[in-house]
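This report is meant to be read with the sequence and the coordinates open side by side. Please keep both at hand while following the contacts described below.

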Amino acid sequence: IAFPSFIGLAELGTPVISSLVGAQWAPAGHFLPWICAGLSGWLFLHIVAVALRARGLGRLAVWLTAPAISADVAIFFSASWIGLDWAMKVWAARALLSVPVLVSVLSARLGISVRSLAEIWGAPLTAAILMVLFLRWLETGQLPADGPVGLLALIAVGGIIYSIGLFVLCPRSLRNKILQGAAWR
């Protein structure tokens, strides 16, 4: 749920900030796509680090996270010279560029192949892309997004589109498990 939420927040960030915190904070919405990308990279890094620790590879987890932490400290320290906007973009790029390293660690140390990752993440990624496309279409005037009620409607529609897309695109075996779980309750 975190990754599609980050994608949705990146897409609807400025209106969310304006509605929830106040119009004076609307300019901060400009940073949300970069913040969401950076946090997504950090989340993936920590998922891999926790999996490594669970397998008794804590030292490797530290060796994996320490450079990212050091780089991020340097990036935010440099914000006074390059500006906050560029620091956020560099941070997001650093986080996203670490994904291939994390995928290789998953493959080499945890036995999760690139193919199985593609099978696992194919449906959620496609559903997230569909969600963004629908949100952009709805933002162009198909659904009024004025005020908190319109914004909540956009968020709900995004969640529904993602859920339907994920359900339709996920493998049949997983879909059956979901249906059996819903019937069990």
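The model is predicted, and local features are described only where pLDDT is at least 70.

**Helix H3 and its packing**

Helix H3 covers residues 58-77, a run of 20 residues, and its first and last C-alpha atoms lie 28 Å apart, close to the 28 Å expected at 1.5 Å a residue. Which residues of H3 are buried? They are Ala61, Leu64, Thr65, Ala68, Asp72 and Ile75. These buried residues pack against four helices, namely H2 (32-54), H4 (79-82), H5 (84-97) and H6 (99-110).

Arg94 lies in helix H5, and its side chain makes a polar contact of 2.8 Å with the side chain of Asp72. Once residues up to four places away in sequence are set aside, Arg94 touches Trp42, Ala68, Ala71, Asp72 and Ile75. Ala68, Asp72 and Ile75 have already been named among the buried residues of H3.

**Salt bridges**

Side chains of opposite charge can pair when their charged atoms come close.

| Pair | Distance, N to O |
|---|---|
| Arg136 and Glu11 | 3.0 Å |
| Asp72 and Arg94 | 2.8 Å |
| Asp85 and Lys89 | 3.3 Å |

The side chains of Arg136 and Glu11 meet in a salt bridge. This pair links distant parts of the chain, with Arg136 in helix H7 (residues 114-142) and Glu11 in helix H1 (residues 2-20), 125 residues apart. Glu11 counts as buried because its relative accessibility is 18%, the cut-off for buried being under 20%.

The side chains of Asp72 and Arg94 also meet in a salt bridge. Asp72 lies in helix H3 and Arg94 in helix H5, so this pair ties together parts that are 22 residues apart in sequence. Are the two partners buried or exposed? Asp72, at 7% relative accessibility, counts as buried, and Arg94 counts as buried at 16%.

The salt bridge between Asp85 and Lys89 is set within one helix, since the two residues are 4 residues apart in helix H5 and therefore separated by about one helical turn. Asp85 is partly exposed, with a relative accessible area of 24%, and Lys89 likewise counts as partly exposed at 24% relative accessibility.

**The largest pocket**

Rolling a probe the size of a water molecule over the atoms shows where empty space is left. The largest pocket holds about 630 Å³ of space. It is lined by 23 residues, of which Phe3, Ser40, Val99, Trp121 and Leu125 are the closest to its centre. Helices H1, H2, H6 and H7 each supply at least two residues of this lining, and the largest share, 8 residues, comes from H7.

**Leu84 in helix H5**

Leu84 lies in helix H5 and is partly exposed, with a relative accessible area of 42%. Leaving aside neighbours within four places in sequence, Leu84 is in contact with Phe31 and Ala79. The C-alpha atoms of Leu84 and Val16 are separated by 21 Å, and these two residues are 68 residues apart along the chain.

Methods: Residues numbered from 1 in each chain as written. Predicted model: local features only at pLDDT ≥ 70, side-chain atom pairs only at ≥ 80, totals over all residues. Heavy atoms only, no water. Expected span 1.5 Å × (residues − 1). Buried < 20%, exposed > 50% of the residue type's maximum accessible area, 1.4 Å probe, protein only. Contact = heavy atoms within 4.5 Å. Polar contact = N/O pair within 3.5 Å; in protein donor to acceptor, adjacent residues only side chain to side chain. Salt bridge = Lys/Arg side-chain N within 4 Å of Asp/Glu carboxyl O. 1 Å grid on protein atoms, 1.4 Å probe; cavity = no way out; pocket = protein on both sides within 12 Å on 5 of 7 lines; lining within 4 Å. Points joined across faces, edges and corners; volume = space filled by probe spheres on them.
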